Amino acid sequence: MANPTATRPPQPWTAPTATDPVDLGVHLPGSKSITARALVLSALADGPSTLHLPLRARDTELMAAGLRNLGIGVSTNDDNRWVVRPQPLRGPAHVDVGLAGTVMRFGPPVAGLTDGPVTFDGDPVARTRPLGPLLGALRTLGVRLDVAPTGGLPLTVHGTGRVAGGEVTIDASASSQFVSGLLLAAPRFDRGVVVRHQGPPVPSAPHLRMTTRMLRAAGAAVDDGTPDVWTVEPGRLSGREWDIEPDLSGAVPYFAAALVTGGRVTLRGWPRNSAQPVDQLRTLLHQLGGQVTLDAEGLTVRGTGTVHGIDADLSEVAELTPAVAALAALADSPSKLRGVAHIRGHETDRLAALARELTGLGADVTETSDGLDIRPRPLHGGGFETYHDHRMAHAAAIVGLAVPGVELSDVTCTAKTQPEFPALWSAMVAGD
C-alpha cells in the first residue's frame, strides 16, 4: 500500500521572532563539502577509511548510497563514524543525485572507472543545474556518455573500467565543482589529469583549495601552483582517518542571529587549521557589525543588534549569499553584493528568488548581472517561498528573527544539509 504521506505537501512554518539576544553554544554536524570529498577519496583508495563526525544529511546520504550502488562498501550505521571499504567499481548501476551538486558532479568521473553503464538522475530541478563543461571534459578524457538533450541530467556514463585521462580545458565559471570532480577521480585515470580553466573567474576558490588539500592528504601528487591550472598525477590513494570539521556554511545562520539580536553564538569544536574559508567569513561578519574570536572554546560571533550595510564581493563564499542578503535587508544602510552570478544555477536561481521574496516582505532589492543591490526598508510579515532550497529557508529564518509573521513555504528542505535545523533554531530563539 502506498504511503499516504509520501506526496503530502509540506506545511508552512512560521519563523520564530527573537525577543531577547540569543546565547548559544553548539556542536554542529560535519561539513558537507569535506564529507563528500572524503567519501569519494575513500572509495578510490587502496584500503579502508574512516570518517569521524561526518555530516548525516540528504546530500551526504545520497553520496554514500551512490557509491554503494557502484560496489563500494559504505557503512553509515554509526552516526559519528562512517567506514568506507573500497571494492572494484561495477556497473550497471543507478545513482540518485537528489538536488546535490556534489553528487551530480563528483559522481560521473568516478562512474567512468566502473565496468558498465551508470545512470544519473535526480529531483526535477536538478535537471536544470549546469553540467555541460564537466561532461565535455569527460568526453575529452576518454569517457563515453549519453546525455539529455538539455546537456545535463538524466545521463548515462558507459564505464569501461578505466579512463585515459590527459589534458583538458574547460570553462568552470559556473561551478568550481566541475574542476573538483575531475581532480578527485584523477589519481585513478591512466594519465592523471591536467585541467585548465578558460573563462570568467572560477567561483568558490576555497573549495578548490579544499579539494587539493584533501587529495594531498590521501597521497595524491597535486600541482596547483599555476593560476587556473591543476595537475594530478596518476597514483595510489591511501585509506586513512578523516576528521570532518563542523560545517561553516551551516553555522552562518546562527552567527547571523547573533548579529541581528545582539547576542552571542559559539561554534564549538572549531579547528585551528581549517580547510574552510573561515578568514573570509570573519572579515565579512566584521564588516556587517559582528565581533569574531577563535579560542579554546570555539569560533564565537558577538553582535550589537545593529547590522551594517556592506559592499562585498562574495565570489569566494557564494554559499553565504542568501544569509548575507537577509542581513542586508535588516541593515542600517544599503548593501551591494557582487561576484555571484553563478548562484543562478544553484538549487534555484538564488538571485531572482532572493530579490522576489525579500521584496515581498517590503525590502527594496534590485538584481544586477552578478548580485543584488539591497536598500533597507521597513519590513513586514508574509509568505516566503523557499524553492526547495535550504539556503533560502535560512534567509527567511534570519529575517524572521526581527520581523514577526515570516512564513516559510517549506522548512523541511533544510534536511539537505541539517535535518535538525527547525528544532535547533526554535530552541535557540526560545533560549532553551
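Me: Which residue does the side chain of aspartate 46 meet in a salt bridge?

Reply: This is a predicted model, where local features need pLDDT of at least 70, side-chain atom pairs count only at pLDDT 80 or more, and totals for chains, interfaces and linings use all residues. Residues are numbered from 1 along each chain as its sequence is written, and side-chain values use heavy atoms, without hydrogens and water. A salt bridge puts a side-chain nitrogen of Lys or Arg within 4 Å of a carboxyl oxygen of Asp or Glu. At 2.7 Å, N to O, the partner of aspartate 46 is arginine 236.

Me: How many residues apart in sequence are the parts that this pair ties together?

Reply: Elements here are DSSP runs numbered from the N terminus: helices (H or I, at least four residues) and strands (E, at least two). Aspartate 46 sits in the loop between helix H1 and strand S3, and arginine 236 in the loop between strand S13 and strand S14, so the parts tied together are separated by 190 residues.

Me: Is arginine 236 buried or exposed?

Reply: The classes are buried (under 20% relative accessible area), exposed (over 50%) and partly exposed in between, with a 1.4 Å probe and protein chains only. Aspartate 46 is partly exposed at 43%. With 65%, arginine 236 is exposed.

Me: Which residue forms a salt bridge with glutamate 367?

Reply: The closest N and O atoms are 2.8 Å apart in the pair of glutamate 367 and arginine 344. Glutamate 367 lies in strand S20, 23 residues from its partner. That partner is arginine 344.

Me: How many salt bridges does a search of the whole structure find?

Reply: Some are linked in a network, whose members include Lys32, Asp59 and Glu319. The whole-structure total is 23.
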